[in-house]
Amino acid sequence: MRYYFLIFSFLVNLFFAQNIKKGTVVTTHIKAETLKNIAGENPERRVTIYLPPDYEKSNIRYPVIYYLHGFFWSDSLLVSNDKIHKIFDRAISLGKIKPVIVVMPDESTIYKGSFYANSKTAGNWSDFTSIELPNFIDKNYRTITKKESRGIAGHSMGGNGALRNAFLHPEIFSSVYALSPGILDAQYFAMNEIDLYKNLKDIKEPKDFFKPENARTNIIFAVARAYNANDKAPFYADFPFFFDDNALKINPEVSKALKENSTSELIFSQFENIKKLKAIKFDWGRNDELAHIPPSCKSLSRNMEMLKIKHEAEEYIGTHGSEVSKENGRIENEMLPFFNKNLEF
């Protein structure tokens with residue numbers, strides 16, 4: 001009996017695999033006015049766009065999900081490594097979401113991540129994500145050009161960016177889903193990674209990051225340029241902590257600004273904006289190897305609950321990425337059905 005069941009399952013899966021309609025992945029570039037900067041970042045950005053099956057054969061207009069990649073990642077890796085377009089194909093073919101356009105901008109930087117935030121010296125990445133990019137997409141693709149048909153999502157740094165940009169721009173996005181959002185509270189993250197600041201003395205110029213021993217130090221420079229930018233070359237950033245003869249020193253003003261500029265604090269400064277959003281959800285793996293993520297997510301959810309900001313927050317059994325970009329993973333079974341429910345098609 002089990003033998004016949006296995007044959008039946010194989011034939012069903014083979015039939016389904018042969019009948020999945022495939023969307024199209026296209027790549028374009030934008031010379032972004034919002035990303036002009038003095039810190040050496042390239043304002044010309046690549047954008048990868050998933051067009052749903054039969055897009056070229058119809059005159060239909062589609063809602064859009066803006067999907068933001070994580071730190072050390074990019075739009076091209078979402079396709080080549082994560083095979084995210086195949087997740088979209090499956091979800092549409094299975095009816096988990098109606099046909100939709102998905103826009104994936106490359107917002108990696110010299111230090112591997114922008115955090116999708118406006119920086120005083122490294123470019124206005126939030127303005128690019130929420131204003132310039134949607135304007136470009138609406139002009140060049142058959143989109144439904146209203147906020148009710150725009151959602152924003154992302155994983156890790158991208159989850160942070162999705163929440164940040166939705167909170168700041170409810171006139172652009174109606175709903176947001178953040179997967180394992182990283183560094184929601186940048187001050188708390190910095191304290192959890194305080195030993196990384198011992199490496200500051202070894203970083204004299206950007207090329208020093210190519211040394212293997214300095215690889216992880218990238219992240220504190222990226223965070224500093226997002227939230228503690230200055231106009232001093234070559235790093236254009238202030239740091240909340242440093243070490244002098246192995247003794248910890250604190251820059252209180254920088255540490256304070258790091259907290260105030262964090263995405264977690266937007267629920268206070270952008271309270272009225274956030275209430276305009278139709279739907280908010282974020283989730284995280286209980287066993288995330290990035291130890292700051294579970295407590296930061298729980299803290300954000302508790303604070304939102306106390307402020308009576310309607311949202312969904314879910315902890316599941318998994319690590320930082322184990323359940324996200326796979327067949328029947330969080331993107332396919334949670335994120336896309338969430339947008340199917342909340343976007344206007």
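Colleague: How many cavities of 30 Å³ or more does the count come to?
Modeller: The count comes to one cavity of 30 Å³ or more, where a cavity is a set of points on a 1 Å grid over the protein atoms alone at which a 1.4 Å probe fits but cannot get out. This is a predicted model, in which local features need pLDDT of at least 70 and side-chain atom pairs count only at pLDDT 80 or more, while totals for chains, interfaces and linings use all residues. Residues are numbered from 1 along each chain as its sequence is written, and side-chain values use heavy atoms, with hydrogens and water left out.

Colleague: What volume does the largest cavity have, and which residues line it?
Modeller: Its volume is about 60 Å³, taken as the space filled by probe spheres set on the points, which are joined across faces, edges and corners. The lining residues (an atom within 4 Å of a point) include Glu41, Tyr111, Trp125 and Arg225.

Colleague: Which element gives the most to that lining?
Modeller: That is α7, with three residues; helices (H or I, at least four residues) and strands (E, at least two) are DSSP runs numbered from the N terminus.

Colleague: Switching to α3, how many of its residues are buried?
Modeller: Eight of the ten residues in α3 (84-93) are buried, meaning under 20% relative accessible area with a 1.4 Å probe and protein chains only. Among them are Ile84, Phe88, Asp89 and Arg90, and just after α3, glycine 95 takes a positive phi of about 80 degrees.

Colleague: How many aromatic pairs does a search of the whole structure find?
Modeller: The search finds 13, pairing Phe, Tyr and Trp (six-membered) rings with centres within 6.5 Å and calling planes under 30 degrees apart stacked, over 60 edge-to-face and the rest tilted. One of them joins tyrosine 197 and phenylalanine 241 edge-to-face, at 5.5 Å centre to centre and 90 degrees between the planes. This pair links distant parts of the chain, 44 residues apart, with tyrosine 197 in the loop between α6 and α7 and phenylalanine 241 in strand β9. Both tyrosine 197 and phenylalanine 241 are buried.

Colleague: Which ring does the charged end of lysine 198 sit over?
Modeller: Lysine 198 sits over phenylalanine 243, 5.4 Å from the ring centre, the rule being NZ of Lys or CZ of Arg within 6 Å of the centre and within 35 degrees of the ring normal.

Colleague: And where is the pLDDT below 50?
Modeller: The chain's mean pLDDT, the predictor's confidence per residue from 0 to 100, is 94. Over residues 8-12, however, the pLDDT is below 50, and beyond near neighbours in sequence this stretch has zero contacts (heavy atoms within 4.5 Å). Where pLDDT is low, predicted coordinates should not be read in detail.

Technical notes. Buried means under 20% relative accessible area, exposed over 50%, partly exposed in between (1.4 Å probe, protein chains only). On a 1 Å grid over the protein atoms alone, a cavity is a set of points where a 1.4 Å probe fits but cannot get out, and a pocket is an open set with protein on both sides within 12 Å along at least five of seven lines; lining residues have an atom within 4 Å of a point.
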